[in-house]
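Okay, let's start. Have the model up on your screens, and hold questions to the end.

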Amino acid sequence: MTYCLLLLSVVALTAAVPVPRLLTRASWPEREPVVALWVWQCLVATVLLCCLTALALGAAAVFGTVRAQLFAPAPPAVTAAYDLSHASPWTTVLTVLLACGAAWTTAMLARELVEARRRRARARAELLDRAPDLPAGLPEGRGPLLVLEEEYPDAWWMPGSPPQLIVTTGALQRLTDHQLDAVLTHERGHARARHDWLLHLSAALAAGFPRVPLFAHFCEQTHRLVELSADDTASRRCGHLTTALALIELNQHRGVLSCSSSHRLLGERVDRLLEPPPRLGRRHRALTTAAASLVPLLPLLITFAPGLTALP
């Protein structure tokens, strides 16, 4: 059991510290944002599974009740293979720390979901105030697209069931039909991929564990990669130049071409659309996706290895 806990700790630390730093320095995520998002999710799943399985093994070693429940259906040889008869002091400390971490993670996720629901309710109330002729059932009353009277061009996506697309009259006046189609396709790409859930998860983990490099980079990169992914969705349908021009027109009053940090991502997106980077080949994309999908299996393999070897 000690051997399993050490291996799980090594895998978790490797996935949480050096690998994210290497991934942020790589250039291929900009070319394949969807694959990069999947790799980040697999790394996060690996760390969470390492912590969860280590918590289960530690609790089984420290508490006899947990051990009896967890290994009740297992043969005696399997229980003996884990050597859970006694728990060292460091195992007890690790179990307590992992239990606190699990409770804190749950609290952060719950807080993020509650705050997201409140923000969504306030946004819908503002929409109702700006468009008072709408009925109470906002999505059903006007369909998936809502037009608001506003001087500045803008368009955004509001998560919900179903999701709501909002566009201002300023955008309708400034954008051409093809540019408007690109903007709406971009926003529909967010809705179709359910990027809101990914953003909530990354924000909750970064807020709960700001000093863990994986979670901090995961939050930062998720906000960047979901926009690049939606840009690719729009450019495949409407063209790179049309999507870039639509992005410029939509954000020109915000200083899209400025060098300030708050608008740097907009400038990077425009440059990327005007000069599309070379994409990875299908074989490389498939290999990267498959390799990333296998990484979360490591904690499960380490956890179940003693029991599998003990079976006749």
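Ground rules first. This is a predicted model: local features need pLDDT of at least 70, side-chain atom pairs count only at pLDDT 80 or more, and totals for chains, interfaces and linings use all residues. Residues are numbered from 1 along each chain as its sequence is written, and side-chain values use heavy atoms, with hydrogens and water left out.

Overall build. We have 16 helices and 3 strands. Those are DSSP runs, numbered from the N terminus: H or I of at least four residues for helices, E of at least two for strands. Along the principal axes, the C-alpha atoms fill a box of roughly 75 × 45 × 35 Å. The protein has 312 residues, and 40% of them count as buried. Buried is under 20% relative accessible area, exposed is over 50%, partly exposed is in between, with a 1.4 Å probe and protein chains only. Now contacts, meaning heavy atoms within 4.5 Å. Take those between residues at least 6 apart in sequence: 67% join residues at least 24 apart.

Annotated segments. An unreviewed UniProt entry lists residues 35-63, 93-114 and 286-308 as "transmembrane region". Positions follow the numbering used here, feature names are shortened, and annotations may be inferred rather than shown by experiment. Residues 93-114 are 100% helix, with end C-alpha atoms 32 Å apart. Residues 286-308 are 91% helix and 0% strand, and their end C-alpha atoms sit 30 Å apart.

Next, the second largest pocket. A pocket is an open set of points on a 1 Å grid over the protein atoms alone, with protein on both sides within 12 Å along at least five of seven lines; lining residues have an atom within 4 Å of a point. Its volume is about 630 Å³, counted as the space filled by probe spheres set on the points, which are joined across faces, edges and corners. The lining has 26 residues; Ala12, Val47, Cys51, Leu98 and Phe209 lie nearest the centre. Helices H1, H4, H7 and H12 each supply at least two lining residues. H7 gives the largest share, 8 residues.

What about the arginine: is Arg269 buried or exposed? It counts as buried, because its relative accessibility is 7%. Arg269 is in helix H14, residues 264-274. Setting aside neighbours within four places in sequence, Arg269 contacts His186, Glu227, Leu228, Asp231 and Leu247.

That's the tour.

Key. On a 1 Å grid over the protein atoms alone, a cavity is a set of points where a 1.4 Å probe fits but cannot get out, and a pocket is an open set with protein on both sides within 12 Å along at least five of seven lines; lining residues have an atom within 4 Å of a point.
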